[in-house]
Amino acid sequence: MARKANASTADSASRTLVLGIDERGVIVQSGHNAEKVIGIEADALIGSRLYDLLDEGGDQIPAILQAVREGQERTSVWRLHGPGDAVVTVQPMVGGGDLFALVHLRVALSTTERFQDPARVRRALMDDPLTRFGSNLDLDQCARSLADVVVPHYCNVAAIVVLESLVAADENHGEAGGSAVLRRLALATDDHELEWAATFPTGEVLVYPPGTPYRECLDRAAPVHLRHMTAEQAGQIADAWRRAPVRDLLDDVSMVILPLIAKDNLLGLMACTRTAGFRRFDAYDVEIGMEFASRAAIVIDNARRFSRERATALTLQRSLLPLRLSHPSSVEVRHRYLPGSKLVEVGGDWYESISLPGGRVALIVGDVAGHGVKAAVTMGRLRTALHTLANLDYPPADALHILHELMTELGEQEPHFATCVYGVYDATTGTLEIASAGHLPPLLLRADGTTEYLELPDAPPLGVVGGNPIESREFAVEDGSMFVIYTDGLVESRGRDIDDGLERLKGIFDTSALERPMEDLAKACLAGVYDDHHRDDIALLIARLRRLPADTRESWTLPGDPAAVRRARGLVRTQLADWGLAELSYPAELLASELVTNALRYSPGTLELRLLRERTLVIEVMDRSAALPRLRRAADDDENGRGLLVVSEYSRRWGTRRTALGKVVWCDLRLPGIDPDDTAFTEEWPGKNHHSDSFPLPRLPLDGLPHRTP
């Protein structure tokens, strides 16, 4: 059902007569337009009763008069003798005398009177707030509102059709005419006939066939005026379009098809129809329609530009933020992202949870100074670089130092700086290594219920020259502890000091938080921030840290002699049998022997072999050499150089990382029936549903990710 525009009574498709009545319902006053509205002279109405005007509805009058006596206003629909149905409003009056109430009779104009006065039609169209101000920037709603202005002021039926390229992802104005694909955004009728809505459905994607007036309007980018469409013409359109109902709907109508042109670009068309019995369109009506169409095109173009810019910004943000958060199965992670601007919806804050080999996870939150698209682009560069550094297993302090060099280089072209906190949690040892570059301190809720902001070595933000070097600290973390990192938008605003914000955040993570669901804690952190229209961007990452169960990992110390290779194969074979993974024995033994052989060749002293069963089977060999192995293809006459090639072919992944005493070379194998990339917490794009307090996200069980305690 089409919604009607808010037009004044004088310019609408109805006339209003005001009558004054006494307590008995006798008419004591009448407007001068009585004869035009109901066909009775004003003088003849004085002294008659309201009952005398009605065909139906007289039984309602006593109840209405009683309500008026009690000071209440009443509205009803009455069937009058001459003009038919009328909307009647009875308003009580005070002041004494014979005047007891005012009766407003609103009667629809007859078909012979509709659209008779072009000046009134023009005033109704041009004075509508929508065409003067373009108050709505949503393309679909804008089109519907424009159609509701055209109907009933200008015609009985109106359709707004625009180029599909304006609505689709890829905009292209190259096919403005010809076989251009279009979409019908809105259809309005004054009598709400279902036949029109069924024949010309809203949202339909279509191509107008050649030989139709719609195609002519697109080809010429000029109005098409069909003063009187005959049955033959309607049939030709129906046959060309292969839509039989068009024949009956367009028979004996008057039609004007107006192009929508803004800044020399054809955006679509507006089809306006006056059905049989109403005054037909003339040249002056076409002129009025084109003036309205030119304004409507500007409104649509503004909505289209806003929609395009907003879609671009959202696409940028979605591409820059992580698509999924990965972490060991013993660690539970929740995040929130909220841009500072509701219009642009992009910012410079970001977060990461990256699963690392050996049951470790990198937890990162960063904040680029500034807002909007520029900050988001810089954030994307930093996030990509930091993600690469994390996958290369750089320690937190080293990774932030390299990132600082990158920001310094970027600052030579345009000043930039950012803050970042980077933590790596080892779920096999329960240690947390953290480095910070000018960022707010992380919050740690320990398993015993004590909460503290961790003190880290001072370092300037990334891109700021001078100051202390970036260093890291290592903390021992008990199982069940919660680690919280965030950006300043969460704890600081125009109406709240940062110290108060830090105390509020600390109060959320009290002893009771250890038993509360992570989702509830994430909601509590952002409670109240949605009403602050001047907030900064917000990124929040909450992690519940637990070590991997002891029965999922085993390690052995091996001597630095060739016999260690045979011993490594036996240890791997026995352990996999205990874990029920004997089917992986052959590839695991082969990989372990190659890694041990490589370590014996290039490293002195003892070795350490470790197996870790998590989402994959991880095989690690630790030695005391800092030299990292390099994959190469050996020549036919080379005696060595094929070990890592075998490892890369048989394993799912392999890699290296340095330690304080040497290095670790690792590889992993898929476990039967387990998806190694399953993180159990994904969504279409991070932050999509975080713009309201409802948070309709996929839920985990209340106890979080499944885990086993050692």
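A residue is called buried under 20% relative accessible area, exposed over 50%, and partly exposed in between (1.4 Å probe, protein chains only). This is a predicted model: local features need pLDDT of at least 70, side-chain atom pairs count only at pLDDT 80 or more, and totals for chains, interfaces and linings use all residues. Residues are numbered from 1 along each chain as its sequence is written, and side-chain values use heavy atoms, without hydrogens or water.

Most residues other than glycine have a negative phi, and most peptide bonds are trans. D264 is one of them, with phi near 65 degrees. D264 is exposed, at a relative accessible area of 78%. A221 also has a positive phi, about 50 degrees, although it is not a glycine. A221 is partly exposed, with a relative accessible area of 34%.

| Residue | Phi | Loop between |
|---|---|---|
| A221 | about 50 degrees | helix 9 (213-220) and strand 10 (224-226) |

The peptide bond from V151 to P152 is cis, with omega near 20 degrees. P152 sits in helix 6, residues 139-153.

**Aromatic residues**

Rings of Phe, Tyr and Trp (its six-membered ring) pair if their centres lie within 6.5 Å; planes under 30 degrees apart count as stacked, over 60 as edge-to-face and the rest as tilted. The whole structure holds six aromatic pairs. W196 and F200 make a stacked pair, 5.7 Å centre to centre with 25 degrees between the planes. Both W196 and F200 are buried.

**Surface charge**

Which residues gather in a patch of negative charge on the surface? They are E492, D497, D499, D500 and E503. Patch residues have over 30% relative accessible area and no salt bridge, and like charges are joined within 9 Å. A salt bridge is a side-chain nitrogen of Lys or Arg within 4 Å of a carboxyl oxygen of Asp or Glu. D499 belongs to helix 15, residues 498-508.

**A buried leucine**

L576 lies in helix 17, residues 563-578. L576 counts as buried because its relative accessibility is 0%. The C-alpha atoms of L576 and R613 are separated by 9.5 Å, with the two residues 37 apart along the chain.

Methods: Patches are made of residues with over 30% relative accessible area and no salt bridge: like charges are joined within 9 Å, nonpolar side chains (Val, Leu, Ile, Met, Phe, Trp, Tyr) within 5 Å. Accessible areas come from the Shrake-Rupley method with a 1.4 Å probe; for residues, only the protein chains shown count as cover. Lys and Arg count as positive and Asp and Glu as negative; His and the chain ends are not counted. The place of a charge is taken as NZ of Lys, CZ of Arg, CG of Asp or CD of Glu. Helices (H or I, at least four residues) and strands (E, at least two) are DSSP runs, numbered from the N terminus.
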